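Trainee: I am new to this structure and would like to go through it step by step. Please show it first.

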Amino acid sequence: MTGLQGFPPGVEAPRVAMLRGSLGGVLDTVEAVDRIAGAIAAARAELIDAARRTSEAIAAEGSSGGPLGAEPHGWNAAVRARRELAFDLAARLRIPERTAETLIGESQRLVQSLPDTHTALGAGEISYRHAQVIIDQTAGLSDIVTAEFESTVLPRAKELTVSKFKNDARKKREALDPDSIERRHRVAIEDRTTWIDPQQDGMAILSTLMTAEAAVAIMDRITRIALANGTDGTEDGAGNGAKRTLAQRKADAVTDLLLDGDLCTSGDPVPHGIRPQVLVTVPVLTLLGQAETPAHLDGYGPISPDTARDLAVKAPGFARILTDPVTSAILDFDRSKYAVPADLKQVVRLQHETCTAPGCNKRATHCQLDHTQDWAGEGTTCLANLSPLCTEHHNLKHHTRVKLRKLPDGTMEWTTATGKTVTVRPTNILGSDMLRRGSPGAGPSGNRSGDTGGTAPPDIKPPPLTGWDEPPDPEQYPF
């Protein structure tokens, strides 16, 4: 008996056998490249740890020997060196500084405290993600327990997927060090936070890191609310008449609770709905219904024209921003619905929607407006010398060897302590009228001298905090 192609059962045609052999060769190469990736990760960790040791040596050479806090506001040579290194590494690898700090810490643990894991990674026997599990699970363990834990779980890392290995390693950690779970939990609580992750098609994920018991309780309540609303006949978000699914009702319940839930225990209730500080940048023709160019939601990105028009009409708390339909340059503010803050502040924050440090996504509305060239020197209070900086990066600029200058087109040029230069481009292009509005001599927020447009006397130095929302808190912004 023969197969369909005239070959005995179980015997493949020569061409199929050849292709299958080729496929095996390609997959063998993929496996080999993956092992090389592990070796590269091990080498990177060794180099980053060498950079850390060199940075600490530089700090020791330049230190007065004082403890942490010997300089004002908690800064000393060691703190300065650590911040400079994290900023430098983040700029070179195009990653956030927190990620760079984590990478520096992981590299130190891997090279100095987990030699067998480092060796296995260099040999390509495990991936860097497997190594990260071991690094995380040994945090806070004594050297003796760390060595026992590593020798126990490392063979499993060579066999299991990262997800399964993580569960396996966590169980082993708790068995070796059960007494520390309460202490570690208290420390972990300090890291609770909330963040937004923009998605495609006008959607976003709102995430919160919280205690497990709170998360389970919240999910239970959301599910109960969604189930209770399961027979209301409400259409889904697409408006096509279909009933909402359970998943959709859960999402709607979270939205309703967070936007309209009143959690005040004293004073005035928290206002419901969307807040006035949200900005929607709308092309002129889109707002008039004569074009379908997407608008821009500050803190998110592109949104559909219909959504933008609906927000612009129904939300009087929005400051609508009109843009040129061809160049997308910002032309003007729409002042018909809501009072707009001082023009200079708004222009600066339109030019850069976030902190101007590389990789920092803190919104400009939550940043201070920094004089790039110090006011105490020759700096002026104008668009060409102002940019939003969060407290962390304003501290970095003032207390380290990191340098910053603003180019004429609004691009921010940062230079690290080792001389590496990186640039941060403006979020939005400003039209000529908008640029003039924030230029020296354009009004009360102009520079020290020149044409003041009849609104301020010449040659008068404005107060040092001109262009700031409010005086900084000395405890949070110590200079």
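Mentor: Strand β8 and strand β9 (residues 386-389) pair in the antiparallel sense over 4 bridges; pairing requires that DSSP finds at least two bridges between two strands. This is a predicted model, in which local features need pLDDT of at least 70 and side-chain atom pairs pLDDT 80 or more, while totals for chains, interfaces and linings use all residues. Residues are numbered from 1 along each chain as its sequence is written, and side-chain values use heavy atoms, without hydrogens and water.

Trainee: What is the bridge partner of H371 in β9?

Mentor: H371 lies in β8, which spans residues 368-371. β8 pairs with β9 in the antiparallel sense. In β9, the bridge partner of H371 is L386.

Trainee: Are the residues on the two faces of β8 buried or exposed?

Mentor: Buried means under 20% relative accessible area, exposed over 50%, and partly exposed in between (1.4 Å probe, protein chains only). On one side of β8 are Q368 and D370, and on the other L369 and H371. Both faces are covered, and these four residues are all buried.

Trainee: What is the relative accessible area of D370?

Mentor: D370 is found in strand β8. D370 counts as buried because its relative accessible area is 2%.

Trainee: At roughly what angle do the axes of α2 and α3 cross?

Mentor: Two packed helices are described by the angle between their axes and the distance between the axes. Axes are lines fitted to C-alpha atoms, for helices over the stretch in contact, and angles run from 0 to 180 degrees between N-to-C directions. The axes of α2 (residues 77-93) and α3 come within 8 Å. They cross at roughly 110°.

Trainee: How do the residues of the contact of α2 with α3 divide?

Mentor: Contact means heavy atoms within 4.5 Å. Among the residues that meet are R83 and F87 in α2 and E97 and I104 in α3. The contact divides into 9 nonpolar, no polar and 3 charged.

Trainee: Which residues of α4 make the contact with α3?

Mentor: The axes of α3 (residues 97-113) and α4 (residues 115-122) come within 5 Å and cross at roughly 105°. That makes α3 roughly perpendicular to α4, a label for angles of 65 to 115 degrees. From α3, L110, V111 and S113 take part. From α4, the residues are P115, T117, H118 and L121.

Conventions. Angles under 35 degrees count as roughly parallel, over 145 as roughly antiparallel, 65 to 115 as roughly perpendicular and the rest as oblique. Ala, Val, Leu, Ile, Met, Phe, Trp, Tyr, Cys and Pro count as nonpolar, Asp, Glu, Lys and Arg as charged, and the others, Gly among them, as polar.
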